[in-house]
Amino acid sequence: MAVLGLPFSNPIVVASTDIARTPARMREFAAAGVGGIITKSVTDAAALQQKSISMIHIMDMAQKPAAGQLSDCYSFFSRGGSMLPMAEFEPEAAEFLDLGRTYGTVIIGSLSCSRTENWVAYAKRFQELGFPALELNFGNPHGEAADGKLGFLIGQSKQLCVEIASQVLSAVSIPVIVKLTPQTSDLLGTAKALEAAGVQAVTITHRFQGLVIDPETDEPILGGWAAIGGPWMKPISLANVARVSRGTGLTILGSNGVDTPRDIYDYLLAGASLVEVGSSMMLRGPEYARQLVDGFNALLREKGVSDPAQAVGKTARNIVTYKSLGALPARRAEMDLTLCDACEDKPCVSRCYFGALCLQDGRLRHDDDACSGCGLCRHICPKGAVKINAVS
């Protein structure tokens with residue numbers, strides 16, 4: 001499959017993480033068959049160049065720390081965002097690119113600068129070194145660590161995004177991808193402005209800032225707010241991917257919330273052409289990368305899809321917006337009263353806020369006219385006695 005004029009063997013891309021800090025570790029993931037790998041970001045911010053600042057805390061949705069086994073829905077909480085100085089990255093660049101050629105993996109360079117002149121200088125140097133594309137990291141949640149604007153502090157300014165991206169576009173001829181922050185009030189507006197400036201692709205999105213409090217000490221875990229993501233982010237990311245897909249002609253790299261082969265497929269359906277996977281790759285290792293590749297290919301065969309591009313945007317195009325909610329068919333709950341009779345507590349009655357459910361002589365009664373078809377009772381019912389049907 002060709003994306004941005006580059007040959008990807010599949011849409012699975014290892015996100016810019018510590019996986020791509022050294023060629024030795026990158027090799028394991030390239031050998032697993034992923035379509036692309038984005039290098040660890042190169043930065044000019046001295047405060048973010050020290051390995052010792054990296055801190056990671058993994059927990060389940062009850063905020064209990066993971067110990068040996070991950071829950072299906074975990075949170076990846078990390079602070080520091082240790083990146084690389086150009087002087088450390090450059091000597092290994094040729095080996096990174098050789099790995100890409102050896103395994104048929106597209107290697108994309110990543111930049112996260114605090115000074116405009118360095119965005120341009122570093123981008124030119126990446127092109128000179130032979131990288132086929134660049135990702136500009138405008139979403140890094142650790143952006144406050146630099147003296148100048150960095151990461152999400154750039155991504156929150158449409159004007160600054162366009163200014164930096166435009167200068168980079170003028171300096172290089174390779175494809176430029178802009179990685180955006182979810183911490184903005186107008187993600188689609190920023191994407192449109194970047195498209196108008198000539199940007200070809202955006203990554204939707206980086207992680208949020210969060211705060212986790214230790215229940216025993218009442219102290220902030222990892223010392224304060226930090227980047228947070230994980231599978232729970234998927235619905236939010238899918239919505240953002242679909243909005244940008246419907247509102248622009250940009251190529252989209254979906255990111256944040258991807259953990260399974262089905263997740264990858266869903267990001268395609270929402271409008272992404274490539275899908276970045278970060279947290280689960282780091283936590284589960286290169287063997288999981290192979291499982292993702294094999295599982296995704298098996299899912300395509302099951303769906304009868306010969307080319308991943310066939311799935312891109314399929315669901316996004318069918319989204320009914322809030323302005324058109326009235327076009328959706330009305331719904332109504334249908335209760336299997338035999339099953340309802342076997343339920344002693346009947347919790348649905350106290351949870352029906354439209355007054356459609358009541359008890360008469362101990363038996364459940366449903367008022368069709370009062371029912372909104374909202375579906376809450378279906379999720380409350382412990383007996384599986386409720387179906388939600390369209391009203392013809």
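Are Phe89 and Phe96 buried or exposed? I looked them up in this predicted model. Both Phe89 and Phe96 are buried. Buried means under 20% relative accessible area and exposed over 50%, with partly exposed in between (1.4 Å probe, protein chains only).

**Ground rules.** I number residues from 1 along each chain as its sequence is written, and I leave out hydrogens and water, since side-chain values use heavy atoms. Because the model is predicted, local features need pLDDT of at least 70 and side-chain atom pairs count only at pLDDT 80 or more, while totals for chains, interfaces and linings use all residues.

**Aromatic pairs.** I found 5 aromatic pairs in the structure. The ring centres of Phe89 and Phe96 are 5.5 Å apart and their planes are at 20°, so this pair is stacked. Rings of Phe, Tyr and Trp (its six-membered ring) pair if their centres lie within 6.5 Å; planes under 30 degrees apart count as stacked, over 60 as edge-to-face and the rest as tilted. Ring pairs also link Phe89, Phe96, Phe126 and Phe131 into a cluster.

**Barrel.** I traced 8 strands that close into a barrel, in the order S3-S4-S7-S8-S9-S10-S13-S14. Their pairing is parallel. From one strand to the next the twist averages 25°. Axes here are lines fitted to C-alpha atoms, for helices over the stretch in contact, and angles run from 0 to 180 degrees between N-to-C directions. I then checked S4 (residues 36–38) against S7 (residues 106–111): they pair in the parallel sense over 3 bridges. Two strands pair if DSSP finds at least two bridges between them. Gly36 has Val106 of S7 as its bridge partner. Helices (H or I, at least four residues) and strands (E, at least two) are DSSP runs, numbered from the N terminus.

**Helix H6.** I checked its length. At 1.5 Å a residue, the 14 residues of H6 (residues 158–171) should span 20 Å, and the end C-alpha atoms are 20 Å apart, which agrees. The expected span is 1.5 Å times one less than the number of residues. Leu160, Cys161, Ile164, Ala165 and Val168 are buried in H6. Down the axis of H6, the buried residues fall within an arc of 115°, so they line one face of the helix. The arc is that of the directions from the helix axis to the C-beta atoms. Gln159 and Ser170 are exposed on the other side of H6. The elements that the buried residues of H6 pack against include H4 (116–129) and S9 (176–179).

Where is Ser255? I placed Ser255 in the loop between S13 (251–254) and H9. Ser255 is buried, with a relative accessible area of 6%. Among the residues it touches are Lys179, Ile204, Thr205 and Glu276. Contact means heavy atoms within 4.5 Å. Asn256 lies in the loop between S13 and H9 as well. Asn256 is buried at 8% relative accessible area. Its phi is near 85°, a positive value in a residue other than glycine.

Most residues other than glycine have a negative phi, and most peptide bonds are trans. I noted a cis peptide bond joining Ile204 and Thr205, with omega about -10°. Thr205 sits in the loop between S10 (201–204) and S11 (208–210). Lys346 is not a glycine, yet has a positive phi of about 45°. Lys346 is in the loop between H12 (337–341) and H13 (347–351). Lys346 is buried, with a relative accessible area of 10%.

Note on methods. Lists of a residue's contacts leave out its neighbours within four places in sequence.
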